Amino acid sequence: MISGVKDEIAKLARAEATGIITADVAARAWATDRNAASRRLAALARGGWLRRLQRGTYEVAALESSSDVPASYEDPWALAGVLFAPCYIGGWSAAEHWGLTEQLFRETFVITAAHVRTTRTVVGGAAFRLARVTPEKARGDSSVWRRTTRVACSSPERTLVDGANIPSWVGGVRHLTDILARYVELPSRNLEALGTALKEVGRGAAAKRLGFIAEELAVGERDAEAHAALLAVRDMALSFRTSGVVRLDPAVSRHGPMNTHWGLWVNVRVAREAHS
């Protein structure tokens, strides 16, 4: 009996490298139908062979006698890819990954088209911040290997544009400022890709915010290459600027003074000290 259960678990582990199992994964691994797989998963969880993460989602428990079975998952990125598909890792989590911020966030930021009921959840000890979008917008433009699993995420350029669209995704305008300042210092910066991201997923408000911030940062930038890159971002943003007036930080209720050139209510200070 025990050996049969271990064989079932080993098949699950081979079928899904993350160790995160759904009924669809189990049905493929066991060559059975989804309903039967779902019932068997629940039984294995009751017996302690699997750990229930949430309804319909389980984690393979480590079995000392089977090298095929991985230890408990360590990476919330891989877990997110299963729990919230279709989705990609973005916002502050992508910014951390690409070295665009030193700010540490407890929650993993996930942009998802799944039918989630809350913007914050904890699953298996991992905390997630969720942003709901339409399916066509739930595709990252990059991917990274997380141990044995490839996870969709946003590129540095897409992360910047997403943050300019909705600053709260990266922790607010002050963090967006820090991210842009670091981005223009990267040898790998790709302004052509940034322009593509602005064209494809950016809104007029995103162009206004990025252009204004780049212009402000350029004033005190001493590094010649970074200064030139900031001016290039400013000029690029000008070409995508739209009519109307928006708040620099939409999470701040006050309007602040109006910048008519960019069509912005400047309701927070863009402080260079934050990223010097």
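Tutor: A residue is called exposed when its relative accessible area is over 50%, buried when that area is under 20%, and partly exposed in between. By this definition Glu-225, with a relative accessible area of 55%, is exposed. In this predicted model, the side chain of Glu-225 meets that of Arg-189 in a salt bridge, with N to O at 3.7 Å. The pair links distant parts of the chain, 36 residues apart: Glu-225 belongs to helix α10 (residues 224-240), and Arg-189 to the loop between α7 (173-183) and α8 (191-201). Arg-189 has a relative accessibility of 24% and therefore counts as partly exposed.

A further salt bridge joins Arg-120 to Glu-107, whose closest N and O atoms are 2.9 Å apart. Arg-120 lies in strand β6 (residues 120-123) and Glu-107 in the loop between α5 (91-97) and β5 (108-112), so this pair ties together parts 13 residues apart in sequence. Here Arg-120 is partly exposed at 46% relative accessibility, whereas Glu-107, at 12%, is buried.

Arg-34 and Asp-24 also meet through their side chains in a salt bridge, at 2.9 Å from N to O.

Finally, Glu-102, Asp-178 and Arg-182 are linked in a network of salt bridges. The count for the model comes to 10 salt bridges.

Methods
Residues numbered from 1 in each chain as written. Predicted model: local features only at pLDDT ≥ 70, side-chain atom pairs only at ≥ 80, totals over all residues. Heavy atoms only, no water. Salt bridge = Lys/Arg side-chain N within 4 Å of Asp/Glu carboxyl O. Helix = DSSP H or I, 4+ residues; strand = E, 2+ residues; numbered from the N terminus. Buried < 20%, exposed > 50% of the residue type's maximum accessible area, 1.4 Å probe, protein only.
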